Amino acid sequence: MAQATTVTDAGPATGTERSLAEVLAEVVRVERVSVDSHFFEDLGADSMVMAQFCARVRKRPELPSVSMKDVYRHPTIRSLATALAGTTSTPAGAPAPAPAEVPVPAPVGTARYVLCGALQALFYLGYAYLAALIMIRGYVWVSAGAGVLDGYLRSATFGGAVFLGMCILPILAKWVLIGRWKPRQIPIWSLAYLRFWIVKTLVQANPVLFFLGSPLYLLYLRALGASIGRGVVILSRHVPVCTDLLTVGAGTVIRKDSFFTCYRAHAGLIQPGAVTLGKDVLVNESTVLDIGTSMGDGAQLGHASSLHTGQAVPAGERWHGSPAQPTEVDYRAAGPADCGAWRRATYSVLQLLRVLLLNLPLAFGGLVALF
């Protein structure tokens, strides 16, 4: 990396360039960097390294604030310093521009805070009591079986009933407590927030996560109100909460560790918002799609990238970074494979039978045998 930093070997011409170069040299751990060296191509930095650079620059009072968007638009010290000078220059003696206003959360009274916490605790206790009661009754019923075959059939029946109930409960809770999700403002510690929290807890803690990447998982999201096209593959364990605001076109692939929850917490508010993905979209690993974002048909988002509120990737374009910016990299390593409805149905049925006839009976039968 040290050799790459001397590609142009240009020295700083201004104090801002000198200071930015010093900070960057500390971050990439080299003696010095050229002001014309490209952050990513010449210095080998990535988004995490440049995020550290931005954070250190913000701690220097003599330097203007730098965002990741500035870094991607101006990927050298010289171009970055020139852009910052153009946006921060003020006439001599003019007052400094006022900082951007940050929304101040409305104060929350102690009574409302305590009440919400108490209701959350009651929900946990009630749910735990109901689960324990069902498990005890099930244990007594399964242990009363006569012989191995009867015990297996009882274990399979009881396990299947519990599994089905845990899958249906979040769907019922969502439609009873919320109805359809709409863009709105939900103050924290309010009764509306309590309903949101209950639904979020039930939706995200669900055994249907055993079926990630399967059409069964897509059926679960559709039952929660999401608009999911045919042939979609979702491999992320982060289940969307405000599902009515999620639209995913046919043939789209969302890879693991991606966040598209369709809500955000901001300034003491929970803000549900839409996430819209077109057909044949590719969302790579460890990405974040904030509310109010969209991707057109055939668009791609690189790994460890994010779309901030209001960003829209046009159809067919490839973006990466945080916030994402256009790139020429093709992240689709393999073309789509032909997978008909019969194959998807067979795969889903075999997955379901494995859980109902093997995993759950062994789990409950082993529990009975243990005690």
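Let's start with two neighbours: strand 15 (residues 318–321) and strand 16 (residues 324–327) pair in the antiparallel sense over four bridges. Here strands are DSSP runs of E with at least two residues, helices are runs of H or I with at least four, and both are numbered from the N terminus; two strands pair if DSSP finds at least two bridges between them. This is a predicted model, where local features need pLDDT of at least 70 and side-chain atom pairs 80 or more, while totals for chains, interfaces and linings use all residues. Residues are numbered from 1 along each chain as its sequence is written, and side-chain values use heavy atoms, without hydrogens and water.

Back to our pair: strands 15 and 16 form a hairpin with two residues between them, and glycine 321 has alanine 324 of strand 16 as its bridge partner.

Next, look for an open sheet of five strands in the order 2-4-8-11-14, with parallel pairing. Strand 2 (227–228) and strand 14 (312–313) are its edges, each pairing on one side only.

Finally, the structure holds one cavity of 30 Å³ or more. A cavity is a set of points on a 1 Å grid over the protein atoms alone where a 1.4 Å probe fits but cannot get out, and its lining residues have an atom within 4 Å of a point. Helix 5 (110–143) and helix 9 (341–370) are the elements giving two or more residues to the lining of the largest cavity, and helix 5 gives the largest share, four residues.

Conventions
On a 1 Å grid over the protein atoms alone, a cavity is a set of points where a 1.4 Å probe fits but cannot get out, and a pocket is an open set with protein on both sides within 12 Å along at least five of seven lines; lining residues have an atom within 4 Å of a point. Grid points are joined across faces, edges and corners, and a volume is the space filled by probe spheres set on the points.
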